Amino acid sequence: MKRVVRKRGIVLVLAALPVLAQLVARAPQFQLTPLRGVDFVLRNSPTPRKYLIETMPGGVALLDYNNDGLLDIFLVNAGHLSNPLRSPAHFERDSPAYWNRLYRQNKNGTFTDVTVQAGLQHAGDTNYGMGVAVGDYDNDGFPDIYVTNFGKNILYHNNGDGTFTDVTAKAGVAAGGWSVSAGFFDYDNDGKLDLFVTRYLDWTPETSKTCGRTLEPMYCPPGEFGSTANILYHNRGDGTFEDVSVASGIAAKKGRGLGVAFADYDGDGFTDIFVANDAIEQFLFHNNGNGKFTEVALDSGAALNNAGKMPSGMGVVFQDYDNDGRPDLLITQLPHEPYVVFHNDGNKSFSAQELETGFGALSETSSGWGVGLEDFDNDGWKDAFIVQGHVFDNVHSYDNSLRYRDVPLLALNNHGHFERGNVGPTQPVAGRGAAFGDLNNDGWIDAVTTSLGDGPQFYLNHGGKSHWLTITLRGTSSNRDGYGARVQVNGQVRFATAAGSYLSSSDKRLHFGLGDNSKAEIEIRWPSGIRQSLRDVSADQFLTIKEPERK
Amino acid sequence: MIQVVFFLHLLLPLQAVAPQAADQAKALLQSGIDAENRKDLDRALVEFRKAAELDPSSSDVLLRLGDACMKKHDAAAAIAPLKRAAGLSPDSVPVQQLLGYALLAQGYAAEAIPHLEMARDPGALGIAQLENDEPAKAMANLQSALADDPDNPDLLFYLGRAATAAGSQATDKLLAAFPRSARAHQTRGQGYYQRKMIPEAVKEYEQAIAMGPDLPGVHLELGEIYAGRTEWPRAEEQFRAETTLQPGNAEAAFRLGEALLQEGKMKEAANELRRSDSLRPNMPETLYAIGRALAAADASAAEQALTSVLKIEQNTPLAAEADLLLASIHRKQGKSALASREMEDYRRIQGLKGQ
């Protein structure tokens, strides 16, 4: 009798082995790897005065600025804060220590600092750096860079020869105040990328104050300062932009904008805007298709979390996590409330499903910032990667269950339910920005994160055996980047964008995990309305798809 | 406390004392009473002191003198004449009572107690016992006094203090006599938790559980600490242990349901929350949690639970949350008119909150 049981046990173990092997093969194999040649440090210069700007930077962009097929890295620096800070504030951005940096990827996987060569070395002495957006606003085939600041924002035109030119004044996109995240998208489907900029608070060094204990001050919550409006710039197509914030209805809603993400949530062919607001209702700007937007978050069920509370929204991603073809929202926020998941139910409505999706047990005591929904294990389901770290550098003295420095969260998607994954050995940091892309072109999505007072972290995904497909869109009638296109591969949908996360801009290429499928079927709905189908496409390749001419 | 004693002494019925002093002393006594009636306390004191010198054996004179001193808020001066009066008239309730007040006002609580016992004044006696570190006895007397004067804020204040002191005394005894007992660890855990020293609190609770795994309430308290830190799997473990120990405890079932809800285990959560609702029906928080647990899987049951919340709660934050969730359910069902109505209610309540 004992023998029989034992035999059965052996059989069961043997039967399980292929499954286990498959699981191991599919799990992302992250390795925190320093990239040779990248020596950047995000210098936020914290002061005892707890100026709120010092805890909010900084962004990272993954872009191929020279079109050599290799992703390059642009990192936004913050600046020096004097104590006290006097108006007009000067942040010593002329000092190399506080420059933004562009690192070109070499063919051997190392990086070269090309900041000076590219003409990106000085970001304006009165600008304290925040975030970055990337898009080819003039459709010349080279990605341009927009940098947000506390101060004036900067648009760098990519000249196509390895250099950039500051065209902010001509373009008319300097904004002002405290800009945070930004993103390029084409809201009127005219084939030219427009620009959206979130702004956080009506804050100045003069209105700054501290909260908490006298001898141990902390940053004040956002409610202590005035709210402000976001900005929408319409691309005129002649190298200039028009501020249409008021005319479009965007400025009608004042908030505390941090993250921004774009997708056509109701399938009407026009890209909508979601703004993650801090400690107030979130904003969902429905694109009415006539140049105007209506803020509909509350009535669409995308304003408050599962418990009816206002999230402290920070980073946001607007992609389809449950493969039902509709873009959902994942929003990072402060600890003791789960990261918010708004599931797109169709009918122009969302329902908060952070608990159903498992984020209630994943967020716990962490504060989330940059966030991505990418298929890190190429199993056909988008996973979440969230960079974490508390707002307050002294949070532990106020709540010893919380910590300033934290490790990122990898949440693996098991058919719409998320479970904690392994990011590999790592160090806790005060994480902020996060961008995602295939840095080494091996078919597995990597992550680059930023942290205050520290260098960037490179999580290289050494992957496994599943198949994948990476698509570069080339718009013709639509904007050249294809931003706003709805791309469906073997039933999975991605909405083309480099925006989302927090302060950051990801690889514009669209990555799909195919699991065991070595072939793919592709359906594209371009922003122009043109539909395109590709059948029997081989897996494991980088594919450029050009938008067909309108018939 | 002194002011309360002075206040209490004003209520004494001195009219009950009959003057029986020598004639001269009697005249001075009357003169003092007249001055007192004219609210000339200084004059009255002079007259009463002279009378007491002339007739030191008159307890009535001594009582008047002590009373005048107390009216002048000079308890120290009142004690000597009142003690002499008590020696002369040990059965006199006003003398014993006033002496008790004077001693209590001067901080001699232990000395005041026998006098107040003789005076049968449970309120003042309770205060004296509290001051004398006898909170249990104080609670009994103060409760007795409150039975006659239920809305007396001073008595309520001292009863509250006595209860706190009694609890503290019991805790001290527990910690001193049984420092390694499960209850001692639990008590220390509570103390650390109140001081927000969470790791220390958790350690104490874990030790309490190790020593007394079947003690009711300990798992619940530890679970609540974990829940407060949003450590839901650990919270679930503790709440589950509590529900095993106390299957009839609606609170434990509710907490377990909440933890399961936070972990996304919606079906299990709904079962546990329904069990809590059956143990203690119509708790709005339980019904709302049932609505949250079932919103995705069983819209009809969720709707029923949330509608029940709205029958119990009106214009409260919980009612607003129920409206919001109902709106979400209706939207999902394509019932846009119903969703709009719920959102209108939500906005109305939020508006009320803002006023």
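**Exercise 1.** Find how many bridges join S38(A) to strand S39 of chain A, and in which direction the two run.

*Solution.* Start with the pairing: 6 bridges join S38(A) to S39(A) (residues 531-538), and the strands run antiparallel. Strands are DSSP runs of E, at least two residues, and helices are runs of H or I, at least four, numbered from the N terminus; two strands pair if DSSP finds at least two bridges between them. Next, look across the pair: A:Glu523 stands opposite A:Ser533. Finally, follow the hairpin, where 5 residues lie between the strands and A:Gly529 takes a positive phi near 100°.

This is a predicted model, in which local features need pLDDT of at least 70 and side-chain atom pairs count only at pLDDT 80 or more, while totals for chains, interfaces and linings use all residues. Residues are numbered from 1 along each chain as its sequence is written, and chains are lettered from A and ligands numbered from 1 in the order in which they are written.

**Exercise 2.** Sort the side chains of S38(A) by face.

*Solution.* Recall that side chains in a regular strand alternate between the two faces of the sheet. Along residues 519-525, A:Ala520, A:Ile522 and A:Ile524 point to one face and are buried (20 or more other C-beta atoms within 10 Å of their own, with C-beta atoms placed from the backbone).

Technical notes:
A residue is buried if 20 or more other C-beta atoms lie within 10 Å of its own, exposed if 12 or fewer, and partly exposed in between; C-beta atoms are placed from the backbone.
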